[in-house]
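Subject: Structure for you to look at

Hello,

Here is the structure I promised to pass on. Please open it first, then read my notes below.

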Amino acid sequence: MLRCLNPWRRPLLSCSWSRLCLFKQYLFTMKLQSPEFQSLFTAGLKSLTDLFVKENHELRIAGGAVRDLLSGVKPQDVDFATTATPAQMKEMFQSAGIRMINNKGEKHGTITARLHEENFEITTLRIDVVTDGRHAEVEFTTDWQKDAERRDLTINSMFLGFDGTLFDYFSGFEDLKNKKVRFVGHAKQRIQEDYLRILRYFRFYGRIVDKPGDHDPETLEAIAENAKGLAGISGERIWVELKKILIGNHVNHLINLIYDLDVAPYIGLPTNASLEEFNKVSKNVEGFSPKPMTVLASLFKVQDDVTKLDLRLKISKEEKNLGIFVVKNRKDLVKAADSSEPLKPYQDFIIDSRESDATTRVCELLKYQGEHRLLEQMQQWCIPPFPFTAESLDGTTNFKELNP
């Protein structure tokens with residue numbers, strides 16, 4: 001996977017350094033020519049790059065897509081950055097007869113163009129002029145480093161040209177290679193620009209770092225000092241990041257750190273959380289792809305904790321119901337003791353509940369309880385035609401007749 005990170009494997013990449021004296025930074029460049037990179041060159045992308053070259057505007061791949069490509073992974077989403085202003089892009093696309101969609105991002109410099117049945121989201125290089133911890137007033141620029149300076153983490157601040165040239169102003173390549181997560185510049189400043197970056201730090205830590213525990217003291221201090229800023233961030237944005245933390249690596253370490261740094265109260269987590277239960281459950285679910293709420297429910301002592309979380313984070317009805325189900329049944333709905341049918345209590349619950357998602361909830365509870373063998377049996381028991389399919393749940397089927 002990391003083959004394109006190795007500068008000694010030719011012809012995938014070659015490296016060079018150049019000094020930017022004005023900002024006292026090193027610009028690291030290299031050539032990337034990997035299968036994942038080459039696979040991006042669809043007919044739509046080729047048409048897009050040709051158009052920008054024709055109009056003498058620079059266009060590069062930006063942010064997370066660069067990070068993924070350097071890790072040997074084909075990115076799911078590709079964002080682009082350009083020196084062209086939104087007005088210039090609109091004129092260019094209109095002249096070429098190219099359709100533009102979703103103009104909501106235009107005031108922040110983003111134009112979405114549709115070519116060959118593909119959408120391309122392209123953002124003008126920008127500088128954050130004023131920030132309030134949630135939103136920013138931006139000013140457009142043609143300086144690639146200035147744009148890199150305003151990004152959150154070094155591993156997300158790189159650009160990639162379409163000839164394979166990497167542009168790395170803040171040692172993001174080195175950090176990615178060494179599996180380190182660092183803020184661009186000073187952690188305190190980056191966090192105060194957008195407090196959600198606290199959770200993004202934890203999320204990427206779980207994604208990038210091999211072994212937990214290695215944090216820059218300045219970063220942890222900045223997080224603790226600014227945790228209260230998360231109180232002003234919308235619950236929906238927090239929940240998106242928190243879910244990714246819960247299903248990522250090192251979740252035990254990261255959630256405990258969230259409590260140690262006093263972040264928890266500002267993101268809807270209970271102050272009297274059952275961390276001992278969480279530590280046990282986070283080990284139970286390893287390797288079994290639990291839903292985020294399955295893991296999170298271990299922090300809750302009573303069902304009302306789930307309701308309070310919903311008020312803060314605006315979770316979905318399905319997520320709320322799963323959390324309440326786990327908290328309510330984790331002690332009472334257990335395998336039959338001294339029985340040749342240990343799965344029977346769970347089967348009976350599903351049959352009696354007559355709810356379409358009962359099987360899913362029970363499977364999540366089995367992951368929570370660490371009953372992995374019973375989970376496998378449950379999944380076999382649920383193979384159609386028994387006990388039922390989702391389509392049959394119209395309230396008329398007698399499930400006990402199906403399972404006499």
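Predicted model: local features only at pLDDT ≥ 70, side-chain atom pairs only at ≥ 80, totals over all residues.

**Two loop residues with positive phi**

Start with H116, which sits in the loop that links β6 (110-115) to β7 (118-124). H116 is not a glycine, yet its phi is positive, at about 50°. Most residues other than glycine have a negative phi. Is H116 buried or exposed? It is exposed: the relative accessible area of H116 is 51%, and the cut-off for exposed is over 50%.

D262 is another case. Its phi is positive too, about 65°, and D262 is not a glycine either. Look for D262 in the loop between α11 (251-260) and α12 (275-284). D262 has a relative accessibility of 42%, so it counts as partly exposed.

α11 and α12 pack against each other. Their axes are 9 Å apart, and the angle is about 160°. Angles over 145 degrees count as roughly antiparallel, so α11 is roughly antiparallel to α12. The crossing of α11 past α12 is right-handed.

Which residues make this contact? From α11 come V251, N252, I255, N256 and Y259. They meet L275, F278, N279, S282 and K283 of α12. By class, the contact of α11 with α12 holds 5 nonpolar residues, 4 polar and 1 charged.

Next, α15 (residues 317-329) and α17 (residues 358-369). Their axes come within 10 Å and cross at roughly 55°. That angle makes α15 and α17 oblique to each other. The crossing of α15 and α17 is right-handed.

On the α15 side, the contact uses N321, L322, F325, V326 and N329. On the α17 side, it uses R361, V362, E364, L365 and Y368. The contact of α15 with α17 has 6 nonpolar residues, with 2 polar and 2 charged.

**The nonpolar cores**

The largest nonpolar core has 103 residues. Which of them touch the most other members? They are F93, F202, I255, V263, L269 and M378. Helix α8 (residues 197-208) gives the most to this core, with 7 residues. There is also a second, separate core of 11 residues. Among its members are L125, W144, A148 and F167.

Last, V138. Find it in strand β9 (residues 136-140). V138 has a relative accessible area of 24%, so it is partly exposed. R126 lies 12 residues away from V138 along the chain, but their C-alpha atoms are separated by 6.1 Å. R126 is also among the residues that V138 touches. Not counting residues up to four places away in sequence, V138 touches K107, H108, R126, I127, D128 and V129.

Best wishes

Notes. Residues numbered from 1 in each chain as written. Heavy atoms only, no water. Axes fitted to C-alpha atoms, helices over the stretch in contact; angles between N-to-C directions. Helix = DSSP H or I, 4+ residues; strand = E, 2+ residues; numbered from the N terminus. Parallel < 35°, antiparallel > 145°, perpendicular 65-115°, else oblique. Left-handed = near helix turned anticlockwise from the far one by under 90°. Contact = heavy atoms within 4.5 Å. Nonpolar A, V, L, I, M, F, W, Y, C, P; charged D, E, K, R; others polar. Core = buried A, V, L, I, M, F, W, Y, C linked by side-chain atoms within 4.5 Å. Buried < 20%, exposed > 50% of the residue type's maximum accessible area, 1.4 Å probe, protein only.
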